Amino acid sequence: MAEIELKTAPADFRFPTTNQTRHCFTRYIEFHRCLAAKGEESVDCAKFAKFYRSLCPGEWVERWNEQRENGSFPGPL
């Protein structure tokens, strides 16, 4: 049976505290900026997707996706 390796986003000096809210938000934005710059098929953006998905609660991501679709997302994309 294959062994499953679990990973999360690496430590980031910009977010030294245990509250990872800002880290989550930043990784989400980095992912979408990467997609805008390199396109949907870019392998380089996959790491950002893994990072934000491991840090962010699903409800937040769903809400942010809805806000992006509606044009009301508060972040700098």
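Reply: Start with His23, which is in contact with Ala9, Pro10, Asp12, Phe15 and Leu55 once its neighbours within four places in sequence are set aside. Contact here means heavy atoms within 4.5 Å. His23 is found in helix H1, and with a relative accessible area of 3% it's buried. Buried stands for under 20% relative accessible area, exposed for over 50%, and partly exposed for anything in between, using a 1.4 Å probe and protein chains only.

Before going on, keep in mind that this is a predicted model, where local features need pLDDT of at least 70 and side-chain atom pairs count only at pLDDT 80 or more, while totals for chains, interfaces and linings use all residues. Residues are numbered from 1 along each chain as its sequence is written, and side-chain values use heavy atoms, with hydrogens and water left out.

Now for the setting. The protein chain has 3 helices and 0 strands, in the order α-α-α along the sequence. Helices (H or I, at least four residues) and strands (E, at least two) are DSSP runs, numbered from the N terminus. Of the chain's 77 residues, 32% count as buried. The C-alpha trace spans about 45 × 35 × 25 Å along its principal axes.

The aromatic rings come next: the structure holds 9 aromatic pairs. Rings of Phe, Tyr and Trp (its six-membered ring) pair if their centres lie within 6.5 Å; planes under 30 degrees apart are called stacked, over 60 edge-to-face, and the rest tilted. One of these pairs is Phe31 with Tyr52, a tilted one at 5.4 Å centre to centre and 45° between the planes. That pair bridges distant parts of the chain, as Phe31 sits in H1 (residues 21-38) and Tyr52 in H2 (residues 46-55), 21 residues apart. Phe31 is buried at 9% relative accessible area, and Tyr52 is buried too, at 4%. Trp64 and Phe73 make an edge-to-face pair, 6.4 Å centre to centre with 85° between the planes, and both are buried. Ring pairs tie Phe25, Tyr28, Phe31, Tyr52, Trp60, Trp64 and Phe73 into a cluster.

Tyr52 leads us into H2, where Phe48, Ala49, Phe51 and Tyr52 are buried. These four lie on the same side of H2, because they cover an arc of only 165° around the axis; the arc is that of the directions from the helix axis to the C-beta atoms. On the face turned away from that buried side you'll find the exposed residues Lys50 and Arg53. The buried residues of H2 pack against H1 and helix H3 (58-70).

Between H2 and H3 there's a loop, and Cys56 lies in it. Even so, Cys56 counts as buried, at 8% relative accessibility. Not counting residues up to four places away in sequence, Cys56 touches Cys24, Phe25, Val61 and Trp64. Cys56 and Glu66, meanwhile, are 10 residues apart in sequence and 15 Å apart in space, C-alpha to C-alpha.

To step back to the whole chain: among contacts between residues at least 6 apart in sequence, 55% join residues at least 24 apart.
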